[in-house]
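Here is a short briefing on one annotated site and the residues around it. Please keep the sequence and the structure in view while reading.

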Amino acid sequence: MSWSSCGSSSICSWSSSSFVPHDPPSKLLKKRSTPSIAQPGWKQRRNYSHNNRGVSKVFGYYGLKNPPYKLDALEPYLSQKTLEVHWGVHHRGYVEALNKQLEKNDRLYGCTMDELIKVSYNNGNPFTEFNNAAQVWNHDFFWESMQPGGGDMPTLGLLQQIEKDFGSFTNFKEKFIEAALTLFGSGWVWLVLKRDAKCLAIVKTSNAINPLVWNDIPIMSLDVWEHSYYLDYRNDKAKYVNTFMNHLVSWNAAAVRMVRAQAFVNLGEPKIPVA
Amino acid sequence: MALRTLLTRKNLANSPMGMLGLRGLQTFSLPDLPYDYGTLEPAISGDIMQLHHQKHHQTYITNYNKALEQLDDAVAKGDASAVVKLQSAIKFNGGGHVNHSIFWKNLAPIREGGGEPPKSSLGWAIDNHFGSLEVLIQKMNAEGAALQGSGWVWLGVDKEFKRLVVETTANQDPLVTKGSNLVPLLGIDVWEHAYYLQYKNVRPDYLKNIWKVINWKYASEVYEKECP
């Protein structure tokens, strides 16, 4: 992946080559354990070393985004305890681990989260940052793929596209559940819009991998790592997956993502007006 | 086939290790634990042991048997693509059965020798190869904690070179997938189901505590068989 797509590449190279801090980095950094800023944060710090050149070193931080509902809002399908541990410990852990890795690594500054994931995936030979970055993104996406009072069916355009690509919503639902139950080990199940094939598809990924690395557009996801259902369902993965489809999945969020995706992927025949 | 007449369909359910199906296909059943579920506390809770044994391991066995039947079918029909398609289910579920069967033998309650350091040839080989038991434990804990997703961390012996190895495998891959000469002495399950109810996401704590109930006697026996 070339660096030309990374908007602030000039800042990246400048900060790593021309700036030599006297004090160890830990002194310059103010450790913040839970920044709640949603966007990748940019902080400019003045250097207070002896040289006092007035040169700033730029740090990129990622924040732990809150789910769009309170932690007990998904009861009785997902308990508050699960959300507290899954979001508050696992997800937060990935964010903090990622920030710690980025402190030491100048190369990867200046990227949006999407770019960071694609770059650190490195075409299948991932850097160490990939796991943390991808898991941060995956969990953000997952919380937003659910809502209290979810389930039921999609409507309008999304439903039409599902019916076109899977035959019927029932068939899609069956296939999705089957995919979740036949995923060996830890991973995620996705409904994606494939850019090249211009259709919806169900995709299973292992561990932290997500469809962004293949340049596809995720529409909805389900976490099938054991930690996402073990406290509430023990080993009954089938019950968890069915509950997700019937009561948790947010077709509203999926519809919004579908609309946005259609700005990038042309799904229909172009309507060329006849003169 | 005198054996056949003895093992009628009704008796099949009671045989301990394998059962002969109608076509001579051997299927598998859940091995009993040589200790009670609660006797590994506080290192591993009784809840986890029960779920792990009765639900997870049983599921692997059930699905393995199912896959074997389907394989038998496909082989009999000469359906090559069906045979190939079944391989991942066999590897996963069969591996799950193999690995967990070893795992139960790797554990023992403290009053039955769990946690007692290895002596004789295995103890000597560990000191020789790693420096000390502590170093080996550190190494296995580090590799186990670093493993992303689900898998196992193993202490194995290369039966050709008579050398100890520490390896990790993903999902339910048995140790042989990392080397056909590798024989597992000790495996630690680092799938989340093995520790989540008790340790949540703090896998390092689970790894630190499990050594208190590790059954080195079994590991020594296997080692002495491979390296007499």
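In this predicted model, B:His100 touches B:His52, B:His57, B:Tyr60, B:Trp152, B:Gln172, B:Asp189 and B:His193, leaving out residues up to four places away in sequence. The UniProt annotation "binding site", from an unreviewed entry, covers B:His52, B:His100, B:Asp189 and B:His193. These four are spread over 142 residues of sequence, yet they cluster in space. Their largest C-alpha distance is 12.4 Å.

**B:His100**
- B:His100 lies in helix H4 of chain B, which runs over residues 80–106.
- Its relative accessible area is 0%, so B:His100 counts as buried, the cut-off being under 20%.
- The side chains of B:His100 and B:His52 are joined by a polar contact of 3.0 Å.

**B:Asp189**
- B:Asp189 belongs to strand E5 of chain B, residues 182–189.
- B:Asp189 is buried because its relative accessibility is 0%, and the limit for that class is under 20%.
- Neighbours within four places in sequence aside, B:Asp189 is in contact with B:His52, B:His100, B:Phe103, B:Gly151, B:Trp152, B:Ala194 and B:Tyr206.

**Links within the annotated site**
- Which side chain makes a polar contact of 3.2 Å with the side chain of B:His100? That of B:Asp189 does.
- B:His52 is among the residues touched by B:His100, and B:His52 is also among the contacts of B:Asp189.

Technical notes. Residues are numbered from 1 along each chain as its sequence is written. Chains are lettered from A and ligands numbered from 1 in the order in which they are written. This is a predicted model: local features need pLDDT of at least 70, side-chain atom pairs count only at pLDDT 80 or more; totals for chains, interfaces and linings use all residues. Side-chain values use heavy atoms; hydrogens and water are left out. UniProt positions are given in the numbering used here, feature names are shortened, and annotations may be inferred rather than shown by experiment. Helices (H or I, at least four residues) and strands (E, at least two) are DSSP runs, numbered from the N terminus. Buried means under 20% relative accessible area, exposed over 50%, partly exposed in between (1.4 Å probe, protein chains only). Contact means heavy atoms within 4.5 Å. A polar contact is a pair of N or O atoms within 3.5 Å; within protein, one must be able to donate a hydrogen and the other to accept it, and residues adjacent in sequence count only if both atoms are side-chain atoms.
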